[in-house]
Amino acid sequence: MRDPMLKQAIAAYEAIDDLALKLELAREIALTRGAELTLAYRNVVMVASGFKRKKKAGKQALLEVPCVILVVRRKVAKADLALSAAQFIPRHLLALATWQGERVLVAVPTDVQAESFHWAGAAQSLREIYANPPADEYGALAALVDVRENGATQRYGLTAQHVLSPNFVAAGTKARKGRVVDRADGRPQPASAPSIGRSSKVGGVIVEGPSRKSFDAQLIELDDETQAARMLGSLPLDPNEPFVAGHPRLAALIAQGRPFEIRVADNHPLVSGPRPRMFGQFHRWMPPTLGIKYRSADDDLFFVHHEELVEVECLGADSTIGGDSGSLVVMWLDNQHCTIVGMHVSGSGPFARMLPAWHVFDAARYNGLAPGASIQPVPIP
């Protein structure tokens with residue numbers, strides 16, 4: 001697009017002072033035009049959305065600038081592209097936005113990032129709860145949930161499915177029932193560790209391949225609800241918003257500058273002493289085109305594609321470690337209560353990836369529940 005229309009679109013975008021709206025615009029472009037842009041530019045391998053990155057003093061810094069992220073196989077010097085000007089990646093992408101009651105043409109900025117920066121992290125499973133047999137697995141108890149189906153309510157524990165049902169097969173691994181779940185009391189785990197319950201049949205399916213999306217959550221049938229609640233400590237959920245219901249609301253909370261808190265456990269078997277509270281900031285919405293590594297029954301790695309993950313960059317020198325999978329992720333509100341934004345399932349360096357709350361508490365995503373069932377997190381005073 002030629003000037004002055006492009007300049008007007010850039011100015012119209014900059015005039016919008018609603019950060020949440022800008023995040024939603026970038027996500028909408030990535031969602032609706034990702035395949036088209038990947039085909040149009042030979043070097044582009046994935047399109048996502050989130051905040052810009054910039055190199056400062058030799059280190060990557062995150063800028064609070066919403067953008068469409070164009071991930072490239074490798075960054076190419078302008079001189080090398082001189083013979084193929086059509087392959088220059090645009091600095092802006094056009095969209096229509098509703099602002100102050102009018103539809104306006106805006107130019108949403110892009111950010112070019114190298115593929116190596118986005119290599120998928122491995123699923124983690126080593127922590128606060130201990131699942132056995134056949135293999136020893138550690139993970140995190142995320143929350144207690146009430147499942148209502150067929151007119152009755154039953155309380156369960158919640159965690160990542162790869163903690164309770166590991167050793168995946170490419171054809172698809174469903175939730176496995178009957179694995180004993182204890183509180184993690186060390187490594188090796190003592191026989192006297194308190195029992196929490198057993199894995200239930202209610203969970204998702206983890207399956208290999210980009211065309212089939214997985215859901216990595218599973219419920220625990222509780223033997224000792226009091227012990228499970230004690231393990232979780234205080235969880236003062238907001239009574240009006242116990243969990244975030246969708247993208248627009250999460251974007252609004254991000255725009256308010258609220259950090260994410262990843263509720264990692266103090267009794268990690270590989271960490272001595274209490275761990276400091278872990279906080280992070282929004283990095284990007286991860287599209288289903290990016291796979292996460294899981295380990296098969298034959299000890300092979302294969303890639304699993306989730307419908308959607310939210311990626312958070314941990315603040316300071318913090319990072320999640322193996323065994324933090326299942327950790328609840330929350331945001332704190334002004335009323336001293338929190339709302340659940342997701343459940344941690346994968347990490348890579350400073351980046352933590354979570355299933356969004358509107359997936360975690362969508363009963364329709366779980367196998368083993370009756371039609372019309374509902375799942376609600378339980379607050380703990």
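Glu311 has a relative accessibility of 1% and therefore counts as buried, a class that requires under 20% relative accessible area, whereas exposed means over 50% and partly exposed lies in between (1.4 Å probe, protein chains only). The model is a predicted one, in which local features need pLDDT of at least 70 and side-chain atom pairs count only at pLDDT 80 or more, while totals for chains, interfaces and linings use all residues. Residues are numbered from 1 along each chain as its sequence is written, and side-chain values use heavy atoms, with hydrogens and water left out.

Glu311 forms a salt bridge with Arg353, with 2.6 Å between the closest N and O atoms; the term denotes a side-chain nitrogen of Lys or Arg within 4 Å of a carboxyl oxygen of Asp or Glu. Because Glu311 belongs to strand β20 and Arg353 to strand β23 (residues 351-356), this pair ties together parts that are 42 residues apart in sequence; helices (H or I, at least four residues) and strands (E, at least two) are DSSP runs, numbered from the N terminus. Arg353, at 1% relative accessibility, likewise counts as buried.

Glu311 also meets the side chain of Arg284 in a salt bridge, at 2.7 Å from N to O. Arg284 is in strand β17 (residues 278-286) and Glu311 in strand β20 (residues 309-314), so that this pair connects parts 27 residues apart in sequence. Both Arg284 and Glu311 are buried.

In total, the structure holds 16 salt bridges, and another of them joins Arg155 to Glu225, whose closest N and O atoms are 3.0 Å apart. This pair links distant parts of the chain, since Arg155 is in strand β9 (residues 152-159) and Glu225 in helix α4 (residues 225-232), 70 residues apart. Arg155 counts as partly exposed at 29% relative accessibility, and Glu225 counts as partly exposed at 37%. Asp146 is linked with Arg155 and Glu225 in a network of salt bridges.

We turn now to the nonpolar cores. In soluble globular proteins, nonpolar side chains tend to be buried together. A nonpolar core is here a set of buried Ala, Val, Leu, Ile, Met, Phe, Trp, Tyr and Cys residues joined through side-chain atoms within 4.5 Å. The largest such core has 58 residues, of which Leu158, Met343, Phe361 and Tyr366 touch the most other members. A second, separate core has 26 residues, including Leu23, Phe51, Leu253 and Met354.
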